[in-house]
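Please read them with the structure open.

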There are 2 protein chains.
Amino acid sequence: MKLTILGCYSATPRTNTNPTSQVLDIRNNLFLIDCGEGTQVQLRKHKIKFSRIKHIFISHLHGDHYFGLVGLISTFRLLTRETDLHIYGPKGLKEVITLQMKLADSWTNYKLIFHELNSKESELIYEDDSVEVHTIPLDHRVYTNGFLFKEKEGERRLKIGDVEDANIDVAYYNKLKQGHDVVNREGVLIDNYKVTFDPHPPKSYAFCSDTAYKEAIVPIIKNVDVLYHESTFIDKHKDLAPKTKHSTAKEAATIAKKAEVGTLILGHYSTRYDDLEAFKTEAQEVFDSVELAEDGKLFEF
Amino acid sequence: MKLTILGCYSATPRTNTNPTSQVLDIRNNLFLIDCGEGTQVQLRKHKIKFSRIKHIFISHLHGDHYFGLVGLISTFRLLTRETDLHIYGPKGLKEVITLQMKLADSWTNYKLIFHELNSKESELIYEDDSVEVHTIPLDHRVYTNGFLFKEKEGERRLKIGDVEDANIDVAYYNKLKQGHDVVNREGVLIDNYKVTFDPHPPKSYAFCSDTAYKEAIVPIIKNVDVLYHESTFIDKHKDLAPKTKHSTAKEAATIAKKAEVGTLILGHYSTRYDDLEAFKTEAQEVFDSVELAEDGKLFEF
């Protein structure tokens with residue numbers, strides 16, 4: 001998985017910081033997660049091909065998480081997109097987007113498919129050959145979901161020298177990748193495990209923004225490889241966290257620890273802070289493996 | 001008047017170009033005209049104080065002219081604005097903005113006053129001590145208005161040396177500025193014209209974007225000092241202009257010539273052109289005084 005942070009600040013877009021948006025690349029399928037104002041410019045800046053985005057996930061209907069969506073939809077239209085676009089987000093999203101299209105008398109040529117969410121329980125909302133996406137119900141001022149991306153196990157990988165030594169016809173390579181034993185050119189049955197490696201272990205990524213500290217998500221995100229958890233505040237402003245239904249860096253780290261995740265990425269910083277180091281330092285008091293999201297940063301895992 | 005171009009390109013925001021938005025400064029009152037995505041970042045970049053904007057004029061409900069508005073309104077809220085904000089624009093604007101505030105459960109603390117427009121005739125929509133704003137009904141794919149800003153005549157200006165020589169008490173200076181004759185310290189009546197200059201001639205600015213070629217606007221914008229008129233296309237693509245209800249540079253210049261304006265500013269360029277010089281060259285075949293709008297450019301008149 002490759003995760004590109006397009007924006008990781010809360011509240012308002014500024015000259016050098018962007019509101020929330022990120023692109024997750026899973027085996028060359030791009031999933032756009034949240035879409036604050038300016039997301040399409042960030043996509044251009046980071047040379048991410050618009051046409052490769054087929055699924056967009058919106059966590060909640062605060063502006064810093066979706067005000068860039070209607071413009072992106074409209075730009076797809078101007079770029080004469082033909083591919084379907086699936087949008088997952090809270091109930092109300094379809095109404096607000098279609099109202100804007102109606103007022104502009106500008107309808108998309110491509111199919112726009114809304115999957116509106118209103119369940120309070122985690123649910124499977126998307127599935128294909130390589131990935132499942134589940135919601136992570138969060139605790140915020142309006143209805144909000146995080147999203148859990150769980151890669152499925154991939155194919156077995158050929159030990160290419162051994163396969164050749166075993167004199168197996170190329171026509172059988174796909175069967176090998178699927179785990180079958182096959183017969184070689186001399187009619188000998190070859191054990192699969194002798195000529196293949198195990199598949200890469202499937203990865204998982206959980207995106208949690210925005211939310212107050214919520215332990216109930218721990219079982220849902222248990223053992224994920226990477227958790228992005230909002231940390232709007234550092235300890236100095238911890239009194240603001242419950243009021244605004246946001247988390248501190250330490251709270252994010254506590255969730256990461258309880259869920260035994262691989263790495264925690266912090267983000268959704270309040271724009272009051274000029275320096276982000278305190279977020280990392282405070283989180284590391286609770287949990288070791290902490291990274292700071294930054295606009296434009298790429299994480300590979 | 002000081003006009004700052006925040007964005008002057010059509011269609012989609014890109015890394016280095018912005019959709020339509022401009023700020024007109026008339027005697028220190030700021031009027032924001034159109035508000036494409038990214039306008040608030042452009043305001044920050046050009047160090048224009050958000051709090052000084054009290055009136056926003058939206059020409060029409062295509063995204064490249066107003067998708068930045070809801071974010072700006074929301075940023076005003078986060079900056080704890082208290083001053084009223086007046087928004088002038090087509091019917092429908094209030095519904096789409098309030099729907100987004102409702103979905104976010106985030107209402108402004110300041111008063112948001114919508115003045116929805118639906119007249120097909122030019123009308124006076126705003127007036128204060130120093131300026132009148134009239135609509136300019138345009139011809140576009142959806143209901144669209146340009147805006148005419150007409151400064152009112154200012155105060156007479158003191159010839160400060162002469163006023164002192166005439167031995168006039170400072171208490172009378174305001175009366176002089178208002179055009180009255182006054183009595184000096186020795187009881188002599190002083191003619192106003194001897195100690196004052198005429199006021200600066202009032203200026204006028206017309207903003208016309210987007211529109212097909214429409215001669216009916218000529219009487220409304222007759223003799224304005226500065227006309228901003230859209231020129232989406234150059235001659236090479238003139239067949240696209242009537243289809244899309246836009247204008248070419250030459251058509252903009254023809255309007256400028258017929259209206260006998262002082263200066264024509266071109267803008268709303270299609271993003272297909274890398275070089276803008278052809279816009280100027282073609283317009284100047286018809287009308288002499290032509291300027292090119294560019295993002296960030298300041299015009300003073």
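1. Helices (H or I, at least four residues) and strands (E, at least two) are DSSP runs, numbered from the N terminus. Asp105(B) sits in the loop between α4 and β6 (112-117) of chain B. Its phi is positive, about 50 degrees, although Asp105(B) is not a glycine. Most residues other than glycine have a negative phi, and most peptide bonds are trans. A residue is buried if 20 or more other C-beta atoms lie within 10 Å of its own, exposed if 12 or fewer, and partly exposed in between; C-beta atoms are placed from the backbone. Asp105(B) counts as exposed, because it has 11 C-beta neighbours inside 10 Å.

2. Ground rules. This is a predicted model, in which local features need pLDDT of at least 70, side-chain atom pairs count only at pLDDT 80 or more, and totals for chains, interfaces and linings use all residues. Residues are numbered from 1 along each chain as its sequence is written, while chains are lettered from A and ligands numbered from 1 in the order in which they are written.

3. Domains. Chain A splits into domain 1 (2-154 + 200-300) and domain 2 (157-197). These bounds come from an automatic or database domain assignment. Taken over C-alpha atoms, the centres of domain 1 and domain 2 of chain A are 42 Å apart.

4. How are the two chains related? Chain B superposes on chain A by a rotation of 180 degrees with 0.0 Å of shift along the axis, at an RMSD of 0.1 Å. This is the relation of a two-fold axis. In chain B, Gly38(B) has the C-alpha nearest the axis, 3.1 Å from it. The copies are superposed by least squares on the C-alpha atoms of residues with pLDDT of at least 70 in both.

5. The interface. Chain B contributes 31 residues to the contact and chain A contributes 31 residues. Here two residues are in contact if their C-beta atoms, placed from the backbone, lie within 7 Å. On the side of chain B that touches chain A, the elements giving two or more residues are α1 (39-45), α3 (69-78) and α4 (93-104) of chain B. The largest share, six residues, is from α4(B). By class, this side of chain B has 12 nonpolar, 12 polar and seven charged residues. Ala, Val, Leu, Ile, Met, Phe, Trp, Tyr, Cys and Pro count as nonpolar, Asp, Glu, Lys and Arg as charged, and the others, Gly among them, as polar. The copies meet through the same surface, because 100% of the interface residues of chain B are also interface residues in chain A.

6. Strand pairing around β4(A). Four of the five residues of strand β4 (residues 53-57) of chain A are buried, so the strand is mostly covered. Strand β3 (residues 29-35) of chain A runs parallel to β4(A), joined by four bridges. Phe31(A) has His55(A) as its bridge partner in β4(A). From β3(A) the chain passes through helix α1 (residues 39-45) of chain A to β4(A), a right-handed β-α-β crossover. Right-handed means that, with the strands pointing away from the viewer, the path from the first strand over the helix to the second runs clockwise. β4(A) also pairs in the parallel sense with strand β5 (residues 85-90) of chain A, over three bridges. Pairing requires that DSSP finds at least two bridges between the strands. In β5(A), Tyr88(A) is the bridge partner of Phe57(A).

7. Gly146(A). This residue belongs to strand β9 (residues 145-151) of chain A. Gly146(A) is buried, because 29 other C-beta atoms lie within 10 Å. Leaving out residues up to four places away in sequence, Gly146(A) touches several residues, among them Ser59(A), Ile136(A), Phe207(A) and Ser209(A).

8. Covered helices. Helix α10 (residues 249-258) of chain B is largely enclosed by the rest of the structure, because seven of its 10 residues are buried. The cover over those buried residues includes β15 (226-230), α9 (240-244) and α11 (277-284) of chain B. In helix α3 (residues 69-78) of chain A, eight of the 10 residues are buried.

9. Backbone points to check. Ser209(A) and Asp210(A) are joined by a cis peptide bond, with omega about -5 degrees. Asp210(A) is in the loop between β14 (204-208) and α8 (218-221) of chain A. A cis peptide bond also joins Ser209(B) and Asp210(B), with omega about 0 degrees. Glu260(A) has a positive phi, near 50 degrees.
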